[in-house]
Amino acid sequence: MNKTVTYKLQIEGVEGALPSRLGSVCAAVFACALVALLLGANALLNWTNNLPIGPASDFILQLATDWQGWMNAIGLGHFSIALNAWLTGFQSRHW
Amino acid sequence: MLFPTLDFGLFFLGVFALSWALLKLPRTRLAFLIAASYGFYAAWDWRFCALLGGSSVFNWFMGRQIHRNQDERARKFLVGAAVAVNLSTLGFFKYYNFFLDNLNRLIETLHLGHDIQYLDVILPVGISFFTFHGISYVVDIYRRKIDRPSSLLHILFYIAFFPQLVAGPIVRASHFLPQIANPVSPADIRARRAFLLILGGLFKKVVLANYLASNLVDDAFFDPTQYGAWDLLFADYGYAAQIYCDFSAYTDIAIGVAALFGYRFPWNFNQPYRAIGLQDFWRRWHISLSSWLRDYLYISLGGNRHGSLKRYRNLFATMVLGGLWHGASWNFVIWGSLHGAALVLEHLVFKDRLQAAALSLPQRVLGTFVTLQFTCFTWIFFRAADLPHAAAYFSGFARLGRPLTLATPFNLSLVGLAMALHFLPPDWVGRVEQATRRVPLFVWGGLAGAGIVVIDSLGPTGVAPFIYFQF
């Protein structure tokens, strides 16, 4: 092995990216989680359905079911269903 | 725990919040991130946490010994021993049964007696990656790329940090340890880029790679005899698209997640299918592995310092070993050998003249076309379960009379979209970032949340593991 080996500089994935402050990043991560919670009630329910059975998961499942009901009632829950239906239709298309 | 799952989302939220809450206690923050990373690894198989920890402690110890020693021969011996132990561990878990399988065949052929018993060896996920990180550390100490040995805490973090732990990118010790040694800045988090990379990665994995696998590639490679030449050709392009989307997705998400913790990982992919030649391809595909192989294997073998013949020998050997790194199978040896031979041929014919800037547009188009065809041809060895399956796949190219059935509008869109990503401006992520710099970051966050739901809704039920987890 040669100790005078020169490495090429590794280009970083965030090279030249705009910096942000921690406070605004925390707000953004919170906004991301909130919007995902509002629009993704169906996915959340699917996830809770797969949790191991137990008192805690029963409670979480009940919460997720109620949440999905509310989101469907105000129309937000239909967003993901509509997207999924569109994709299923596209998948079954033939020339 | 796969990146595109709610399990990981919740894990990330918890670790993100707590790690930044510990900002003023850097050592505690590191210890917490190490514990979280081991928790992440334990979600795969807790039994191998000891292996991960043992590898880290061993390399930390050897790094100290190499640094302390001023005698060059002793240093060389120590680094050789450290690399040998690392490679032996990797070799046992990854190649033991492959080696035995071939030995037993030889014994049977030569009628030398009874077979040697196989061991039930489970391949620890990510072993190739954390072994390479360990080697990078001891070799960088030996080469004096690192001024002084790092503390055990830093080494544990360097090797186990969860975004890169199971499938890279391979982060150099000399690149990452200085980042760990300095406190992260709460005023310099590259969050916009991180959101873009994470969303793009999720789309490539959940939508493109998953559907390409289930709708096109898996069936064709499982039983190629059921398909005609055109279907097999299309499925081969489909696999080229799938493996790119799958692997680049993982590393894009890893880079993005690390950035949200204040760390910087290197790029791992740079639109590889627009390469004008194979040297160019390997500067664009799995960059962290190909540059690792160049710096730690090719150069250690002698590189290009001892004449053309030895240079080509070293290049070929590096590619064969790089192929074998991907898995214990003759398919990977052939895949690596084909790339090695083609690289040698490219060097012989073009020397170092194959530079994009020196070529006309038609020459570049021709170079890209030829390189893509060669790469797709070799992917058949890479994807096929074994050599008989690869042979069956190739023999299927003679069935020219059968109609093309797999090229549905949906499958064509998937392949087309994956390939189109290669011909966007190379700096498109930065351009999007600049164009939207006035949009407040919390709006970005909200849009990212909506994007995650869109991707989840478009994806199939369940997510297959990333292809590179098996390596």
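1. Chain B and chain A bury about 5100 Å² between them. Carbon and sulfur atoms carry 66% of that area. Buried area is the accessible area (1.4 Å probe) that two parts lose on being put together, summed over both. In chain B, Arg190(B), Pro409(B) and Phe410(B) lose the most area to chain A, together 11% of what that side buries.

2. This is a predicted model: local features need pLDDT of at least 70, side-chain atom pairs count only at pLDDT 80 or more, and totals for chains, interfaces and linings use all residues. Residues are numbered from 1 along each chain as its sequence is written, and side-chain values use heavy atoms, leaving out hydrogens and water.

3. Contact (heavy atoms within 4.5 Å) joins 72 residues of chain B to 47 residues of chain A.

4. The rule finds 1 salt bridge across this interface. A salt bridge is a side-chain nitrogen of Lys or Arg within 4 Å of a carboxyl oxygen of Asp or Glu. Here Glu12(A) pairs with Arg264(B), and the closest N and O atoms are 2.9 Å apart.

5. Helix α19 (residues 441–458) of chain B gives the most to the side that touches chain A: 13 residues. Helices (H or I, at least four residues) are DSSP runs, numbered from the N terminus. That side of chain B has 38 nonpolar, 15 polar and 19 charged residues. Ala, Val, Leu, Ile, Met, Phe, Trp, Tyr, Cys and Pro count as nonpolar; Asp, Glu, Lys and Arg count as charged; the others, Gly among them, count as polar.

Technical notes: Chains lettered and ligands numbered in written order. Helix = DSSP H or I, 4+ residues; strand = E, 2+ residues; numbered from the N terminus.
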